[in-house]
Amino acid sequence: MDHQPKIGFISLGCPKALVDSEQILTRLRAEGYGVVPSYETADLVVVNTCGFIDAAVAESLDAIGEALTENGRVIVTGCLGAKDSVVRDIHPSVLAVTGPHACEEVLTAIHAHLPRPHDPFRDLVPPQGVKLTPRHYAYLKISEGCNHRCTFCVIPQLRGDLASRPVGEVLREAEILVRSGVKELLIISQDTSAYGADVRYRTGFWNGRPLKTHMTSLVAALGELGVWVRLHYVYPYPHVDEVVPLMAEGRLLPYLDVPLQHASPRILKAMKRPANASGTLERIRRWREICPDLTLRSTFIVGFPGETEQDFERLLAFLAEAELDRVGCFAYSPVAGAVANQLPDPVAEEVKQERQARLMALQATISAERLRRKIGRTLAVLVDAIDEEGTAIARSTADAPEIDGVVYVANGANLPVGELAEVRILDTDEHDLYAEVAVVKETKNKPRQKDGVRGKRRS
Ligand code: SF4
């Protein structure tokens with residue numbers, strides 16, 4: 001294969017850097033690149049640097065200089081690359097600079113400057129990968145596992161402790177999704193607010209720009225991509241307050257999915273929940289002051305072992321005061337292996353069911369009232385589908401796919417699926433909105449609701 005793209009590789013530094021080099025070289029070989037031992041035969045040179053002591057910095061800078069002189073096309077990675085400006089001040093012509101342990105970022109830089117060879121099998125897969133969601137929205141997983149030990153949950157046993165994906169890798173995936181036509185990114189994990197805690201919020205790189213592996217930096221950067229960004233599974237840690245102003249500025253969707261699970265301190269303690277409810281009402285009030293359009297979604301468990309009528313009423317009182325927009329409610333059911341199975345005072349099944357029904361009845365009135373306030377407003381919606389009667393099924397910023405309500409647009413037959421539209425809200429019920437396309441003023445009839453077109457709900 002004489003048209004095979006060829007990489008020269010210089011690996012400096014400690015064994016950890018060596019392992020990074022091995023990972024990059026393994027990926028390069030797997031993708032069909034050749035690895036060559038001379039500057040003359042290489043199309044591009046990667047220098048994996050060391051930045052430990054002054055002598056190592058000097059050696060790394062010399063190696064970059066030599067590669068630039070002898071070859072001219074150089075990508076820098078490794079510990080010295082974490083100080084982007086040190087490299088670029090002396091060698092401004094390098095093609096890209098990444099920090100250590102950044103295999104994906106190095107591969108992306110190589111792909112940009114030396115496209116990978118055509119592979120008739122792999123190239124059948126679209127760049128965004130195979131997606132099970134419609135083309136216009138996609139889930140973006142930012143971490144796996146969880147550091148908490150909620151007593152009703154076995155996820156840490158199944159998926160291990162929190163493992164955050166590198167911030168640059170997440171953002172590159174987001175960019176590819178947006179390029180492939182995605183209009184809405186749904187950010188998911190077990191605990192979105194904890195993103196980066198496992199790697200001590202280390203600095204990563206996105207397009208050469210240093211960025212902390214932290215929820216606030218990540219979502220602010222995602223907000224630059226010009227699509228809807230919706231946050232799920234956000235525990236109310238203090239730094240969540242930092243993202244609400246971004247929502248008020250329109251950089252993120254004004255939507256927070258905050259799984260609170262209960263409001264009784266006694267039950268939250270028995271559940272071992274992170275970020276318990278003390279002060280939650282006050283924070284919700286503050287968030288709404290900053291961002292009046294904020295939609296709050298949460299889920300709750302009723303009938304947890306030891307839950308008394310008093311605990312449950314405390315939860316109802318919380319809901320009445322918090323006026324959350326969307327609520328899912330589960331009757332507690334033991335999961336094999338969960339610590340909560342050992343707790344005393346299980347709640348009888350009929351009591352669980354009765355509490356679930358009472359909670360949902362209260363929430364239905366709250367949701368209906370909050371939706372009613374939208375009548376007469378003009379809202380942006382994302383069109384998901386057109387049904388056979390010509391009604392567009394769309395979602396506003398307040399509606400996550402599958403779990404929230406939808407917006408039925410009666411005269412929306414010609415709205416393009418997967419695109420945004422402006423609609424005027426005419427009517428509402430407990431879950432959904434009924435609208436007309438904003439520019440068509442004469443259509444006033446409420447669309448008939450069809451069975452089977454409403455999205456699935458958790459509750
Ligand atoms: S419920 Fe959520 S926060 Fe708690 S252990 Fe399970 S995954 Fe972690």
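## Enclosed space

The largest cavity has a volume of about 50 Å³, where a cavity is a set of points, on a 1 Å grid over the protein atoms alone, at which a 1.4 Å probe fits but cannot get out, and a volume is the space filled by probe spheres set on the points, which are joined across faces, edges and corners. This is a predicted model, in which local features need pLDDT of at least 70 and side-chain atom pairs count only at pLDDT 80 or more, while totals for chains, interfaces and linings use all residues. Residues are numbered from 1 along each chain as its sequence is written, and side-chain values use heavy atoms, with hydrogens and water left out.

The whole structure holds 3 cavities of 30 Å³ or more. Thr295, Asp325, Arg326, Ser367, Arg370, Leu371, Lys374 and Ala398 line the largest cavity, lining residues being those with an atom within 4 Å of a point. Helix α12 (residues 349-372) contributes the largest share of this lining, 3 residues.

## The largest pocket

The largest pocket, a pocket being an open set of points with protein on both sides within 12 Å along at least five of seven lines, contains about 740 Å³ of space. It is lined by 23 residues, of which Glu104, His111, Arg116, Pro127 and Ile176 are the closest to its centre. α4 (103-113) and α6 (167-179) each supply at least two lining residues, and α6 gives the most, with 6 residues; helices here are DSSP runs of H or I with at least four residues, and strands are runs of E with at least two, numbered from the N terminus.

Glutamate 31 is found in the loop between α1 (15-30) and β2 (34-36). Glutamate 31 counts as buried because its relative accessible area is 9%, the limits being under 20% for buried, over 50% for exposed and partly exposed in between, with a 1.4 Å probe and protein chains only.

## Phenylalanine 304

Phenylalanine 304 lies in the loop between β14 (295-302) and α11 (309-322), and its relative accessibility of 0% places it among the buried residues. Not counting residues up to four places away in sequence, phenylalanine 304 touches Thr151, Phe152, Ile267, Ala270, Met271, Tyr332, Ala340, Leu343 and Val347, contact meaning heavy atoms within 4.5 Å. Phenylalanine 304 and glutamine 261 are 43 residues apart in sequence, with their C-alpha atoms 9.9 Å apart in space.
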